[in-house]
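Student: I would like to work through this structure with you. Shall we take it in short steps?

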Amino acid sequence: MRDRLIFAGQLGFTLLVAAFLVVPVLLSISAGITVNYFRGIQSGVTLQWVAQVWGLYKGEIGLSFLIAFATLAVTLVVGVPAAYGLHVRGGRLSRVIEEIITLPLAIPGLAIALALLLTYGGFGGFRQSWLFILVGHTVFTMPFMVRSVMAVFASVDIKTLDEGAASLGASPWTRFCNVIVPNALPGILAGSLMVITLSLGEFNLTWMLHTPLTKTLPVGLADSYASMRLEVASAYTLIFFIMIVPLLVAMQMFADKGEKQ
Amino acid sequence: MNAITGHGAAVHIIDCGKTFPDGTQALAPASLDIIAGETLVLLGPSGCGKTTMLRIIAGLETPDAGGRILFDDTDVTAIPIEQRHVGMVFQSYALFPNMTVAENIGYGLKIRGVGKADRAARIAEMVALTNIGGLENRRIDQLSGGQRQRVALARAVAVRPRVLLLDEPLTALDASLRDRLRSELNRLLRSLGITAIYVTHDQAEAMELGDRIVVMRKGAIAQIGTPRDVYFQPQNRFVAEFVGAANIVEGPIAQGRLSLPGGWLALSDAADAAAAVAMIRPETIGLVAEGGASLCGTVESVSFIGDRQRVIVTGAASKPLTIDAPNGINVEIGQRVGLSVASAAVRVLPKED
Ligand SMILES: Nc1ncnc2c1ncn2[C@@H]1O[C@H](COP(=O)(O)OP(=O)(O)OP(=O)(O)O)[C@@H](O)[C@H]1O
Ligand SMILES: [Mg+2]
């Protein structure tokens, strides 16, 4: 009886918290498909705002995904071997390098952006291209990839596995492909999930780095909030959701599968 | 050249020391020759540098400048582990969680480009040799500790390494399993005729497996010898006490006799000394009647261990003596007893400071 009460209490509280977080989201989404938000849902349901946003901002949306996956590619290609190197080598130098990689976590995105602008702003072609934003996103997301991969390395004693493979004759590259990457997969997937999500949602840094021709989803979102009617901005939110949620679910499923192995 | 032919190599360790970057001297420069085909055990307490020595031989650690490692006549000091053609069994086994048992065993063969059919044959051979039939398609996390140990061994041996290196392979197992696997391992090493270097801190393991034992202490070699040498003729007090149980007695030596508080012991040829240290193994002391015995004492305690009884006798030497007596004889606490020790069983140790 008492257990029941406690359970009911906990369930109630959880639902309340969930509602607190979810209701604004639902309201926002519903606004995106309402003909006139101020008159309420009675005014009718429409996809015209969504269509309008798509028409206006599909460039931004495409660019966002391009940048997100490019960022993922760079963090994978650079981050995974870096994590391996740092873990296997160990010692003080590795610690220092790890700290440096982690630094962007503690520095506001605006400051990173400013630093990038000061340093590379003069290279016109580079400054104008989406690669400039890619660099910002890579700096910002790299620690998440490196950290989550290193966490797995520490938990599966990758160094001994590596030595085991070496004792059987495998060259460093073969070891990396056969032993390191497969056993780090849960961390790599978790890291990838973070990188994609962070890149798609990144605003601070991107807002500083963007040009009128290189805008991402969140920057466009801010744009539409500032200059469009509320229904359009909400429709934008809806599109953002539709894009990112399946991605999150898919990668979460991957991560679960990786952990079970 | 057939990639899987191999043979036991002789290993020569020449002046190999190891100082880690943080300044720890794990190993003082030492030289050691390992005969092709023998099982050499590195024995010593925790932190004495056994693993470091093994890792230097494997190529996982480079010796300090001046140190060299030779396999037969080839200098391998600068050759990385993957080209040394060694087999290694790690304390934690280091089996690949992303592969099945069979894939683990076949990994080294695959790396060496052995064809699928040959590989399968060799895997089957290893599975039979290490008694793990039926487990081939299991994942590593579905194995017991003992099974993992066997897979690790099968994987290391499958490539016919020139030298097999084992770092405390049985330490992670419980006692009864350890005993069983120890004799299994012993048979396997003998039948393979492989050069094996085996690290342990367990002296019983060292005795059973080793053709020769290297007793190590604080990064240096304390003694090298056959199990019998090391047990009966320890060269110093550390070896005497670390390998097996030992009574250490002290007293002056004159005219071939070691004088003790409770009498004297006859020695087989020993120089006179004002203060000498000698070792006597507990099982070499016989309990006899007090009358006529050259050394006497009082029984302080008797513990029945099953196959023998452990008797502690005070008054004979300055410290209580431990005696392993047959389980049939009747001794009581407080009883006066005579002690008989063959002169050959008293080992006078060099003086140390
Ligand atoms: N990478 C390292 N850096 C610094 N010191 C080390 C390192 N590896 C080992 N040592 C030190 O070197 C000494 C010898 O270590 P080693 O691992 O060879 O001992 P061991 O005889 O194998 O001990 P155990 O029985 O506990 O495994 C120890 O004092 C240890 O702390
Ligand atoms: Mg060790």
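Tutor: Start with a definition: buried means under 20% relative accessible area, exposed means over 50%, and partly exposed lies in between. Keep in mind that this is a predicted model.

Student: Is A:Trp130 buried, exposed or partly exposed?

Tutor: A:Trp130 lies in helix α6 of chain A, residues 130–155. Its relative accessibility is 27%. Buried needs under 20% and exposed needs over 50%. Because 27% falls in between, A:Trp130 counts as partly exposed.

Student: Which residues does A:Trp130 touch, not counting those up to four places away in sequence?

Tutor: A:Trp130 and A:Leu209 are 79 residues apart in sequence, with C-alpha atoms 9.2 Å apart in space. For touching, heavy atoms must lie within 4.5 Å. By that test the partners are A:Leu63, A:Leu66, A:Ile67, A:Ala70 and A:Thr214.

Student: What share of the contacts in chain A with a separation of 6 or more comes from residues 24 or more positions apart?

Tutor: Chain A has eleven helices and two strands. Its C-alpha atoms fill a box of roughly 75 × 70 × 30 Å along the principal axes. Of its 261 residues, 43% count as buried. The share of those contacts from residues 24 or more positions apart is 74%.

Student: Where does the side chain of A:Asn183 reach a backbone oxygen?

Tutor: A:Asn183 sits in helix α8 of chain A, residues 172–201. It is buried, because its relative accessible area of 9% is under the 20% limit. Its side chain reaches, at 2.7 Å, the backbone oxygen of A:Val179.

Student: Which residues of chain B does A:Asn183 touch?

Tutor: Leave out residues up to four places away in sequence. In chain A, the residues touched are A:Val152, A:Val156, A:Ile158 and A:Leu161. In chain B, they are B:Pro97 and B:Asn98.

Student: Which residues of chain A do ring pairs link into a cluster?

Tutor: Over all chains, the structure holds twelve aromatic pairs. Two rings pair if their centres lie within 6.5 Å. The residues linked into a cluster are A:Tyr84, A:Phe153, A:Trp173 and A:Phe176.

Student: How far is B:Arg281 from the ring centre of B:Tyr231?

Tutor: Chain B has arginines placed over rings. The charged end of B:Arg155 sits over the ring of B:Phe96, 4.6 Å from its centre. B:Arg281 lies over the face of B:Tyr231, and the distance to the ring centre is 4.1 Å.

Student: What should helix α5 of chain B span, and how far apart are its end C-alpha atoms?

Tutor: The helix has 18 residues, 175–192.

Student: Which elements of chain B do the buried residues of α5(B) pack against?

Tutor: The buried residues are B:Leu177, B:Leu181, B:Arg182, B:Glu184, B:Leu185, B:Asn186, B:Leu188 and B:Leu189. Just after the helix, B:Gly193 takes a positive phi of about 60°. The buried residues pack against β3, α3, α4, β7, β8 and α6.

Student: Is B:His85 buried or exposed?

Tutor: Phi of B:His85 is near 60°, a positive value in a residue other than glycine. Most residues other than glycine have a negative phi. B:His85 is in the loop between β5 and β6 of chain B. Because its 18% relative accessibility is under 20%, it counts as buried.

Student: And is B:Gln255 buried or exposed?

Tutor: B:Gln255 also has a positive phi, near 50°. Its place is the loop between β11 and β12 of chain B. The relative accessible area is 75%, over the 50% limit, so B:Gln255 is exposed.

Student: Which side chain has an N or O atom 2.5 Å from an oxygen atom of ligand 1?

Tutor: The residues around ligand 1 include B:Ser46, B:Gly47, B:Lys50 and B:Thr51. For B:Gly47, a backbone N or O atom lies 2.7 Å from a ligand oxygen. For the side chain of B:Lys50, the distance is 2.8 Å. The side chain at 2.5 Å is that of B:Thr51.

Methods: Residues numbered from 1 in each chain as written. Chains lettered and ligands numbered in written order. Predicted model: local features only at pLDDT ≥ 70, side-chain atom pairs only at ≥ 80, totals over all residues. Heavy atoms only, no water. Helix = DSSP H or I, 4+ residues; strand = E, 2+ residues; numbered from the N terminus. Expected span 1.5 Å × (residues − 1). Buried < 20%, exposed > 50% of the residue type's maximum accessible area, 1.4 Å probe, protein only. Phe/Tyr/Trp six-rings, centres within 6.5 Å; stacked < 30°, edge-to-face > 60°. Lys NZ or Arg CZ within 6 Å of the ring centre and 35° of its normal. Near = heavy atom within 4 Å. Polar contact = N/O pair within 3.5 Å; in protein donor to acceptor, adjacent residues only side chain to side chain.
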